[in-house]
Every structure is written in C-alpha cells, then in structure tokens.
Amino acid sequence: MTTNRFASVWDAIEDTPEDAENMKVRSQLMVQLKSYITKSGLNQSDAAKVFGITQPRVSDLMRGKINLFGIDALVNMAAKAGLRVEFQLRDAA
C-alpha cells in the first residue's frame, strides 16, 4: 500500500492543481467571512444586509457550502463589509 502525503485536503481530493488552488482560496475567504459575522455579533439577516445578499445565502456560507460560492462573490461580500482582501503568490514547491 502506497501512502501519499498532501499539503492540503484540497490537493488530495481535487482533480487538478488548479482546482485545488481555487478551493483553497474559496475556503479561506469563507472562513474569514464567517469569522467576521461571528466577531461582529451579526445574525444572518443583518449579515445579509451588510453583504448585499439574501439570508438563505448567508446560511449557505455559515454551513460551509463551498460549492455554491465563487471567488468573485466572496470577494464582493468582503468588500461590501468594508474588508480588504490581500493575496500572496508563492512558488508551489
């Protein structure tokens, strides 16, 4: 039996490195947005108003339904909340 080691769960389950990187970015954005909601003491209805989305959409975010969110939508939500997104590119090695 061969044991593979992966740097991330996304590296292990996604078909391509590109898909894995996309999922890493989306998951980090979702974690940060969820943290913002919690730290701000917002309920889902208030968070929806801040993000400019519906309450069911906030529920999807809070439940971690990553397949329902693209990077653009998550960045837009962060911007509407007055948050700034910063990225750092590094060599894959």
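This is a predicted model: local features need pLDDT of at least 70, side-chain atom pairs count only at pLDDT 80 or more; totals for chains, interfaces and linings use all residues.

Mentor: In soluble globular proteins, nonpolar side chains tend to be buried together. Here the largest nonpolar core has 18 residues. Leu33, Phe51, Leu61, Leu74 and Met77 have the most contacts inside it.

Trainee: Which helix gives the most to this core?

Mentor: Helix 2 does, with six residues. Helix 2, helix 3, helix 4 and helix 5 each supply at least two.

Trainee: What does Phe51 touch?

Mentor: Leave out residues up to four places away in sequence. Then Phe51 touches Leu33, Tyr36, Ile37, Val58, Leu61, Met77, Lys80 and Ala81.

Trainee: How do I read the buried residues of helix 5?

Mentor: Start with the general idea. An α-helix has 3.6 residues a turn, so residues three or four places apart point the same way. Now the case: Leu74, Met77 and Ala78 are the buried residues of helix 5. Down the helix axis they fall within an arc of 100 degrees, so they line one face of helix 5. Asp72 and Lys80 are exposed on the other side. The cover over the buried residues includes helix 2, helix 3 and helix 4.

Trainee: At what angle do helix 3 and helix 4 cross?

Mentor: Roughly 105 degrees, and their axes come within 8 Å. Angles of 65 to 115 degrees count as roughly perpendicular, so helix 3 and helix 4 are roughly perpendicular to each other. The residues of their contact divide into six nonpolar, four polar and no charged.

Methods:
Residues are numbered from 1 along each chain as its sequence is written. Side-chain values use heavy atoms; hydrogens and water are left out. Axes are lines fitted to C-alpha atoms, for helices over the stretch in contact, and angles run from 0 to 180 degrees between N-to-C directions. Helices (H or I, at least four residues) and strands (E, at least two) are DSSP runs, numbered from the N terminus. Angles under 35 degrees count as roughly parallel, over 145 as roughly antiparallel, 65 to 115 as roughly perpendicular and the rest as oblique. Ala, Val, Leu, Ile, Met, Phe, Trp, Tyr, Cys and Pro count as nonpolar, Asp, Glu, Lys and Arg as charged, and the others, Gly among them, as polar. Buried means under 20% relative accessible area, exposed over 50%, partly exposed in between (1.4 Å probe, protein chains only). The arc is that of the directions from the helix axis to the C-beta atoms. Contact means heavy atoms within 4.5 Å. A nonpolar core is a set of buried Ala, Val, Leu, Ile, Met, Phe, Trp, Tyr and Cys residues joined through side-chain atoms within 4.5 Å.
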